[in-house]
Amino acid sequence: MGFLDIRNVTKSYGNVEVLHRVDIAVEEGEFLVLVGPSGCGKSTLLNMIAGLEGITGGEIAIKGHVVNGVHPSRRNIAMVFQSYALYPNMTVAQNMTFGLEMHGVPKPERERALADVAKLLQIDHLLDRKPGQLSGGQRQRVAMGRALVRDPDVFLFDEPLSNLDAKLRVDMRTEIKKLHQKLKTTIVYVTHDQIEAMTLSTRIAVMNKGYVQQLGTPKEIYDTPANLFVATFMGSPAMNIIPARVVVQDGTPHASVTDADGRPRLLRFSQGSLAAWDGRDILLGIRPEAITDPEGADRKSSNIQALTNRVTVTEPAGSDTFVTMALGGQDAIARMRADASVAAGQTYDFAVNMEKAVAFDPKTEQRIASD
Amino acid sequence: MSAVTQDTAVSMGRVTRALIYLLLLLFALFYLLPLYVMGVNSVKPLAEITGGNMMALPEVWTLDPWRSAWSTAQIGVEPTGLKPYFLNSILMVVPAVVISTIMGALNGYILTKWRFRGDTWVFGLMLFSCFIPFQIVLIPMAVVLGKLGLAGSVPGLVLVHVVYGIGFTTLYFRNYYATFPTELVRAAQIDGAGFFQIFWRILLPVSGPIAVVSIIWQFTNIWNDFLFGASFGGTNQPMTVALNNLVQSSTGVKEYNVHFAGAILAALPTLLVYIVAGRYFVRGLMAGSVKG
């Protein structure tokens with residue numbers, strides 16, 4: 001049993017089920033990120049934890065107490081909203097202590113809690129201002145402060161960074177991570193941004209169409225995605241999904257992919273169990289950073305395969321250079337060192353880190369389990 | 001370094017500008033003319049008016065017509081002046097405006113933030129009440145007031161005007177609150193605020209502009225109403241009915257100067273409301289109707 005238990009929870013609007021049997025146990029101090037495209041049900045799930053939406057089936061328990069039907073204010077949770085939802089007519093101080101006031105906390109205690117949190121978030125100097133006089137980043141801090149003052153069991157964040165500009169978003173991301181490391185609070189965080197999910201979380205639940213597609217640590221999600229959806233949703237640029245055929249040679253399975261000129265190239269798999277798929281079509285999943293120039297290849301990898309191919313497009317991005325090539329009849333992206341000298345139309349040697357490659361069943365779109 | 005101009009409007013020459021101002025001035029004079037006539041004639045002796053000098057300034061200035069209109073003029077059969085009726089109107093307008101505005105605000109709050117099954121229908125029906133002509137409800141309303149024992153009383157008039165006003169005030173507040181972020185209400189719920197606490201602490205403090213619209217609208221409508229006042233006022237008739245009785249009397253000399261003074265007295269409160277709160281009116285009307 002976890003600190004926050006989501007057991008077999010479903011949500012329906014009329015006859016339409018939008019959330020199907022979600023089952024997640026969150027441990028104390030965990031940072032769980034719900035990530036997925038819009039309409040996947042992640043915000044609905046968060047609102048159900050908060051008590052803002054009813055639970056159709058299953059149950060949600062916080063610290064062992066089932067909270068189905070319990071009013072949001074009695075669940076001992078705090079929520080940070082996407083729009084911050086600061087009360088426009090109140091000062092920052094009033095905004096932050098409103099919840100305590102409503103819960104009947106005496107004034108001296110409120111003042112103390114306010115002072116502590118204001119110091120922690122470095123917003124002491126803003127306490128007398130109205131939200132309208134604050135910048136986006138300051139409002140974000142106040143919204144977090146309002147949640148922190150309550151000292152709740154669970155923090156809920158609903159896309160809190162999506163209204164900030166790109167630079168501030170990165171800063172605040174670090175800030176939230178620092179805060180979590182310092183306070184060791186339990187957080188459920190909703191976002192559609194897979195980089196936020198990767199960087200912040202201790203565990204990620206990738207959701208799509210009302211189903212949890214995969215639940216795991218960022219590394220598990222990134223390295224061994226459960227299915228094609230997770231593979232392509234997480235990571236930027238997305239994982240290359242290349243049609244390939246399994247060929248067993250010398251007793252070990254290889255992926256046979258066609259290069260830009262339609263010639264088959266063999267890449268040895270690290271997973272011996274794929275030999276069972278001999279002669280069958282699969283989808284080969286390789287992350288862009290696993291296809292590099294030979295000098296940039298991962299030295300710790302036990303399985304670097306050479307690949308010669310012609311380059312279609314190069315995109316220097318400053319820190320890296322992205323190279324597009326045709327593989328298996330589709331565009332595949334490779335991530336090179338920034339100063340790798342490649343030019344479009346030329347043929348180069350590449351190094352493919354097959355240790356990181358995964359294979360998917362083209363019919364079920366699930367990852368082929370390897371042991 | 002004055003190369004950068006802030007002027008985004010269409011530029012025009014001095015002559016055009018002068019012409020426009022001249023035109024505006026003419027229109028303003030035209031619209032102010034009736035007020036001038038009323039004002040000037042209310043401070044003249046009757047003889048000057050009947051002598052044919054309606055437009056001229058008074059030769060003898062006098063406040064007697066005002067005094068007469070306020071406290072001694074013959075209204076119906078009693079020589080009471082307009083004073084008691086003015087008080088009737090105030091006693092009717094203030095509670096009616098306050099009650100209908102508060103109820104409209106509550107309705108708007110519920111219809112936008114506490115949605116329930118069929119809420120759009122309820123709102124539609126309330127809107128419908130804005131289109132019912134007064135005359136249609138006279139007889140049913142008389143029956144209801146009679147049964148409630150409120151016929152011919154000021155509370156009865158207050159009830160009538162509240163019922164008639166709720167449709168409009170609900171429309172204003174609903175449209176205004178529709179633009180109010182629901183996340184704020186949810187945040188307040190999580191903070192532990194109840195139904196009325198959210199209303200008083202979160203919504204009402206930002207409802208200034210639309211409250212002004214509702215108050216002006218209700219005040220002018222109720223103050224200026226004649227039909228309900230004449231039908232249900234009984235002995236407690238409002239100002240409008242009294243003014244009619246003063247002006248339309250068919251016996252005796254027509255004291256035009258007193259009539260003018262009385263008419264100004266009757267129009268004064270609405271004029272005041274507009275002057276004090278008028279600049280919020282358009283702003284609030286736009287906020288309530290366009291963004292919704």
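The following legends describe close-up views of a predicted model. Local features need pLDDT of at least 70 and side-chain atom pairs count only at pLDDT 80 or more, whereas totals for chains, interfaces and linings use all residues. Residues are numbered from 1 along each chain as its sequence is written, chains are lettered from A in the order in which they are written, and side-chain values use heavy atoms, without hydrogens and water.

**View 1. An open sheet of five strands in chain A.** The strand order is 15-19-16-17-18, with antiparallel pairing (strands are DSSP runs of E, at least two residues, numbered from the N terminus; two strands pair if DSSP finds at least two bridges between them). Strand 15 (291–292) and strand 18 (330–337) of chain A are the edge strands, each pairing on one side only.

**View 2. Strands 16 and 19 of chain A.** Seven bridges join strand 16 (residues 304–316) to strand 19 (residues 347–353) in the antiparallel sense. Opposite R310(A) stands T347(A), in strand 19.

**View 3. The interface of chain B and chain A.** Contact (heavy atoms within 4.5 Å) involves 15 residues of chain B and 27 residues of chain A. The buried area (accessible area, 1.4 Å probe, lost on being put together, summed over both parts) is about 1800 Å², with 60% from carbon and sulfur atoms. In chain B, I190(B), D191(B) and R201(B) lose the most area to chain A, together 39% of what that side buries.

**View 4. A salt bridge between E101(A) and R201(B).** The two side chains meet at 3.0 Å, N to O. The interface of chain B and chain A has two salt bridges by the rule (a side-chain nitrogen of Lys or Arg within 4 Å of a carboxyl oxygen of Asp or Glu).

Methods. Helix = DSSP H or I, 4+ residues; strand = E, 2+ residues; numbered from the N terminus. Buried area = accessible area lost by both parts, 1.4 Å probe.
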